[in-house]
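Please view the sequence and the model before reading on.

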Amino acid sequence: AAGYRGGFIFPFFSAGAAFGKGLTYAFPSLSPTVATLCFAAGINVAITRTALASTLILCALAGEINAGPPVLAASMVSLFITTYMPFIRSQVKRTDIVRQTDQSIAGPKSKSKRDVETYDDGDGEEEEEEDDAA
């Protein structure tokens with residue numbers, strides 16, 4: 001990730017800060033600190049889905065705790081806008097996990113071979129008995 005330490009988070013912070021600083025040139029009435037922090041948080045939250053952590057980290061690193069509310073607002077807007085756009089592969093909804101609610105909707109499970117036990121009652125023939133515990 002461009003040779004930065006800390007993985008992909010700090011490059012997002014840097015890119016967001018650059019966009020925020022550029023925005024202050026277009027709109028000089030904006031506070032440069034708040035604009036850079038809001039853009040840095042917005043880009044990071046769009047990728048990592050960590051709205052509160054990004055806000056706290058950025059405000060603490062910048063020493064601007066009072067900038068927390070606008071940065072948190074930018075984080076939440078970014079989170080809601082990019083909810084259905086996963087940028088990291090692990091954020092894609094998994095289809096290989098079956099939850100308990102999914103099984104209850106599908107109905108009772110069918111008996112499989114492992115649910116049927118065989119036993120010998122001494123007459124030479126093996127008989128099958130269903131396992132009711134499963």
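## The aromatic pair

One aromatic pair is counted, where rings of Phe, Tyr and Trp (its six-membered ring) pair if their centres lie within 6.5 Å, with planes under 30 degrees apart taken as stacked, over 60 as edge-to-face and the rest as tilted. Phe10 and Phe13 make this edge-to-face pair, at 5.5 Å centre to centre and 90 degrees between the planes.

Both residues belong to helix 1 (residues 9–26), three residues apart, or about one turn of the helix; helices are DSSP runs (H or I, at least four residues) numbered from the N terminus. Phe13 is buried at 7% relative accessible area, whereas Phe10 is partly exposed at 35%. Buried means under 20%, exposed over 50% and partly exposed in between (1.4 Å probe, protein chains only).

## The nonpolar core

Phe13 also belongs to the largest nonpolar core, of nine residues, with Leu37, Cys38, Ala40, Ala41, Leu58, Cys59, Ala67 and Val71. Such a core joins buried Ala, Val, Leu, Ile, Met, Phe, Trp, Tyr and Cys residues through side-chain atoms within 4.5 Å. Helix 2 (32–48) and helix 3 each supply at least two residues of this core, and helix 2 gives the most, with four.

Leaving aside neighbours within four places in sequence, Ala41 is in contact (heavy atoms within 4.5 Å) with Leu58, Val71 and Ser75.

## Basis of the values

The model is predicted: local features need pLDDT of at least 70, side-chain atom pairs count only at pLDDT 80 or more, and totals for chains, interfaces and linings use all residues. Residues are numbered from 1 along each chain as its sequence is written, and side-chain values use heavy atoms, without hydrogens and water.
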